[in-house]
Amino acid sequence: MSTATNTNATKAIIEYDDKSVRQFMLASIIWGLVGMLVGVLIASQMNFRFMNFDTSFLTFGRLRPLHTNAVIFAFVGNMMFAGIYYSTQRLCKARMASDLLSKIHFWGWQFIIVCAAVTLPLGFTRGQEYAELIWPINIMVALIWVVFAVNFFWTLHKRNEPSLYVALWFYIATIVTIAMLYIVNHLSIPTSFTHSYSIWAGVKGALIQWWYGHNAVAFFLTTPILGIMYYFLPKAVERPVYSYRLSIVHFWSLVFIYIWAGPHHLLNTALPMWLQYLGMFFSLMLWAPSWGGMLNGLLTLRGAWDKLRTDPVVKFFIAAITFYGMSTFEGPLLSIRAVNALSHYSDWTIGHVHSGALGWNGLMAAGLFYWLTPRLYGTKLRSVALANFHFWIALVGILFYVAALWIAGIMQGLMLNAVNPEGTALMYPNFLETVQAIWTPLAFRLVGGTLYFVGMIIMAVNLFLTIRSGKAVNEKREVVLLQRGQKDTMPLKETFINDPIAYMLGGMLLVLGFIFLPAHANLASLVCAGIFAVIAVKKFRQSHHAWSHWYEKLLHNYLPFTVLTFVAVVAGGLIQIIPTVVVSKAQNVEDRVQRPYTPLELAGRDIYVSEGCYNCHSQMIRTMLPDVLRYGDYSRLGESIFDHPFQWGSKRTGPDLARVGARRSASWHFNHMRDPESMSAGSLMPRYPWLFEEKFDQKALPGKIAVLAGMGEPYPPKTSDVIKQEAIEQGIKIVEELKKEGLQTTPDMKIVALTAYLLQLGNYDTPKPKDPEANPAVVPFPLKPGNPDVYRSGVKTAAAP
């Protein structure tokens with residue numbers, strides 16, 4: 001960096017670190033191809049069972065987490081870092097603060113991805129969606145994220161532009177919120193180098209998982225991409241952002257509201273009703289800021305609509321923003337309890353996720369790469385025609401994909417929920433009948449996914465040829481260096497003690513009063529909130545210049561802005577989670593208490609998680625008549641209090657297993673795992689021959705039980721030998737039962753442990769017999785012929801023949 005001084009200011013020539021941008025961009029393209037290739041493979045497994053290849057590391061259960069992690073953290077993650085590194089340096093008029101930290105960030109992130117790509121197919125997983133990585137990798141993720149954060153905020157501190165542009169707001173929200181979410185959700189106690197148990201179990205685990213899972217989508221796949229949109233779209237169309245005021249409303253309402261919406265993933269389950277309605281309420285509120293951001297992006301194109309016909313970059317950006325609007329309309333729609341009763345556990349949800357991942361993230365990534373590559377390599381895009389072809393084949397692929405899953409999800413949801421006019425029997429009692437009905441839509445999904453993958457290949461070839469025709473260049477720019485006192489002078493006290501914050505806090509407290517206070521008091525709180533809002537609007541009209549001056553000053557101070565952003569996102573999490581977490585397990589059981597797992601059952605449960613069975617099977621019977629008629633009495637909170645992690649699931653490719661224990665024999669499970677189609681004609685479930693050849697890990701059981709006991713599970717002190725002996729003794733009983741059916745195995749095989757686990761599902765203790773009329777938590781359902789394992793008054797009845 002060279003400097004020159006005159007009487008007005010000190011100027012310097014800055015050379016930006018574009019090498020890191022190039023590295024992250026190329027890594028994103030490579031990992032995107034890998035992740036989407038795996039996606040095409042697992043999509044084919046939904047139509048053709050043989051595509052599992054009877055191989056442990058290629059089954060759907062193990063590859064699905066690899067696909068999601070590769071697309072989210074490898075493809076979108078690297079794309080996000082490329083966009084952030086490029087735009088932050090230009091917006092701050094400063095090179096990234098540390099080249100060393102940039103290198104550690106890039107290579108550390110790639111090492112994490114490689115570790116994930118190796119461990120997940122091998123069955124090393126935590127068993128939680130979007131949070132499958134084992135604890136050593138999670139520690140690396142946290143450390144590399146800190147490296148990224150330090151480099152980013154250090155660059156903000158060194159910036160030569162006094163005000164923070166809107167894109168930087170979204171980057172700040174991403175960094176602080178992901179750190180909070182990731183650390184809290186991944187708190188675990190290791191039992192070995194490759195295994196740990198989450199400290200959260202049952203309803204606590206479910207709530208925290210989807211607080212994390214929903215907001216990982218919000219703050220990893222949405223807010224940073226919005227920041228990229230706010231920077232690169234105006235650059236591409238050579239127009240300023242449509243509305244600065246709308247961007248302010250978009251940012252603050254989005255980061256505040258989004259964090260509350262996680263419980264909508266758990267509607268109609270055992271989650272306390274107040275949390276379900278809270279999640280639904282805030283999810284519906286998300287319509288406004290999300291569409292405000294979409295319109296702000298689309299209207300930025302005003303006066304430049306002709307570029308939509310000629311510039312492939314603009315095509316990709318505008319289509320991506322349109323998909324953002326579509327998916328953020330669909331998300332709140334699916335959070336309505338009545339709609340969720342149809343959509344949840346179905347392919348409709350998968351279609352919704354992919355309209356965001358492929359449409360919003362994927363198309364934004366393509367537009368970003370087509371815009372960046374010529375500038376990073378000092379050349380022109382090799383083929384505009386290929387880029388246009390990529391756009392159309394990707395768009396057709398997405399529409400095929402999403403439409404097919406809408407049809408499949410709605411069709412299967414209607415079939416599974418269909419009952420006769422009397423409400424006494426299911427119209428489609430055989431789950432497999434619904435699976436076979438959606439075979440054709442799933443085949444069209446495969447076609448759509450393949451088209452999108454072909455588009456990615458075309459982009460990779462086009463960009464490779466572009467890179468070959470140019471040479472890597474780092475942009476240099478002359479900037480005016482800021483002096484002391486021109487930025488970052490706002491004390492934290494001034495950040496919080498002012499009218500805007502006071503009115504916002506007061507309004508929020510009154511709205512919370514409406515949510516949490518008892519009848520009548522909550523209505524009074526709502527009326528007060530309305531009055532308070534009128535007063536706040538009147539005050540703003542009187543003092544809008546002072547309020548605007550405060551906000552402009554806030555934008556000149558990155559640290560107070562960051563603190564205020566963190567407060568906005570942490571409030572919703574604390575209000576949801578603390579009431580649930582602090583309640584003791586004894587108060588969180590309703591009228592059922594889960595039986596602690598025996599050593600053999602615990603080994604089987606870990607095998608169940610390792611094989612990824614939770615990707616296809618739920619263990620949560622919803623409070624809905626069709627669920628109860630199909631699977632048995634609805635699930636209670638107490639039936640999963642010892643599950644680390646919880647296994648409520650989010651997709652039913654196969655039936656719910658919450659009460660499968662009493663419905664199937666040991667021999668049925670044995671034969672089903674060996675050849676599912678022999679027991680369930682038409683099943684697409686893969687075979688698991690390795691479970692019949694591999695032994696479960698007896699040596700690990702004492703350590704696992706010790707960890708669970710340390711977390712408060714009711715395991716009495718026992719020696720390692722006793723624990724191992726108990727496991728083998730229970731295994732011998734199962735082997736003897738299998739021998740009666742002519743089936744041979746040994747008690748130390750994985751199939752025996754898994755069978756023990758499946759046989760105990762649905763077993764629970766009832767502390768005290770209760771009169772069903774005096775217990776509103778128990779809804780009596782009479783036993784119906786042809787519907788085995790239906791419960792009456794919370795007490796298990798004999799299965800119908």
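**Figure 1. Histidine 520 sits in the loop between helix H19 (499–516) and helix H20 (521–554).** Helices (H or I, at least four residues) and strands (E, at least two) are DSSP runs, numbered from the N terminus. This is a predicted model, in which local features need pLDDT of at least 70, side-chain atom pairs count only at pLDDT 80 or more, and totals for chains, interfaces and linings use all residues. Residues are numbered from 1 along each chain as its sequence is written, and side-chain values use heavy atoms, with hydrogens and water left out. Histidine 520 has a positive phi of about 75 degrees, although it is not a glycine. Most residues other than glycine have a negative phi. At 66% relative accessibility, histidine 520 is exposed. Here buried means under 20% relative accessible area, exposed over 50%, and partly exposed in between (1.4 Å probe, protein chains only).

**Figure 2. Glutamate 238 lies in the loop between H7 and H8.** Its phi is positive, about 55 degrees, and it is not a glycine. Glutamate 238 is exposed, with a relative accessible area of 58%.

**Figure 3. Helix H7 (residues 223–237) packs with helix H8 (residues 244–258).** Two packed helices are described by the angle between their axes and the distance between the axes. For H7 and H8 the angle is about 170 degrees, and the axes are 12 Å apart. Axes are lines fitted to C-alpha atoms, for helices over the stretch in contact, and angles run from 0 to 180 degrees between N-to-C directions. H7 and H8 are therefore roughly antiparallel to each other. Angles under 35 degrees count as roughly parallel, over 145 as roughly antiparallel, 65 to 115 as roughly perpendicular and the rest as oblique. On the H7 side, Thr223, Leu226 and Tyr230 take part; they meet Ser247, His250 and Leu254 in H8. Contact means heavy atoms within 4.5 Å. The residues of this contact comprise three nonpolar, three polar and no charged. In this count Ala, Val, Leu, Ile, Met, Phe, Trp, Tyr, Cys and Pro are nonpolar, Asp, Glu, Lys and Arg are charged, and the others, Gly among them, are polar.

**Figure 4. The largest nonpolar core has 177 residues.** A nonpolar core is a set of buried Ala, Val, Leu, Ile, Met, Phe, Trp, Tyr and Cys residues joined through side-chain atoms within 4.5 Å. Helix H2 (residues 60–92) gives the most to this core, with 18 residues. Trp109, Phe369 and Phe561 have the most contacts inside the core. Leaving out residues up to four places away in sequence, tryptophan 109 touches Phe73, Asn78, Phe81, Ile104, Val141, Ile144, Trp145 and Phe220. Apart from this core lies another, of 42 residues, including Leu600, Tyr614, Trp690 and Phe696.

**Figure 5. E3 and E4 form a hairpin with two residues between them.** Strand E3 (residues 188–192) and E4 run antiparallel, joined by four bridges. Two strands pair if DSSP finds at least two bridges between them. Serine 192 stands opposite histidine 195 in E4. Proline 190 faces serine 196 across the pair, standing opposite it. Both faces of strand E4 (residues 195–198) are covered. His195 and Tyr197 are buried on one side, Ser196 and Ser198 on the other.

**Figure 6. Threonine 466 lies in helix H17 (residues 439–469).** Threonine 466 is buried, at 0% relative accessibility. Not counting residues up to four places away in sequence, it touches Thr373, Thr379, Lys380, Leu381 and Arg382.

**Figure 7. Glutamate 433 has its place in helix H16 (residues 431–437).** Glutamate 433 is partly exposed, with a relative accessible area of 36%. Leaving aside neighbours within four places in sequence, glutamate 433 is in contact with Met415 and Tyr428. Glutamate 433 and alanine 681 are 248 residues apart in sequence and 9.9 Å apart in space, C-alpha to C-alpha.

**Figure 8. Glycine 331 belongs to helix H12 (residues 312–334).** At 14% relative accessibility, glycine 331 is buried. From glycine 331 to leucine 526 the separation is 195 residues in sequence and 26 Å in space, C-alpha to C-alpha.

**Figure 9. The peptide bond from histidine 644 to proline 645 is cis.** Its omega is near 0 degrees. Most peptide bonds are trans. Proline 645 lies in the loop between helix H23 (625–631) and helix H24 (666–674).
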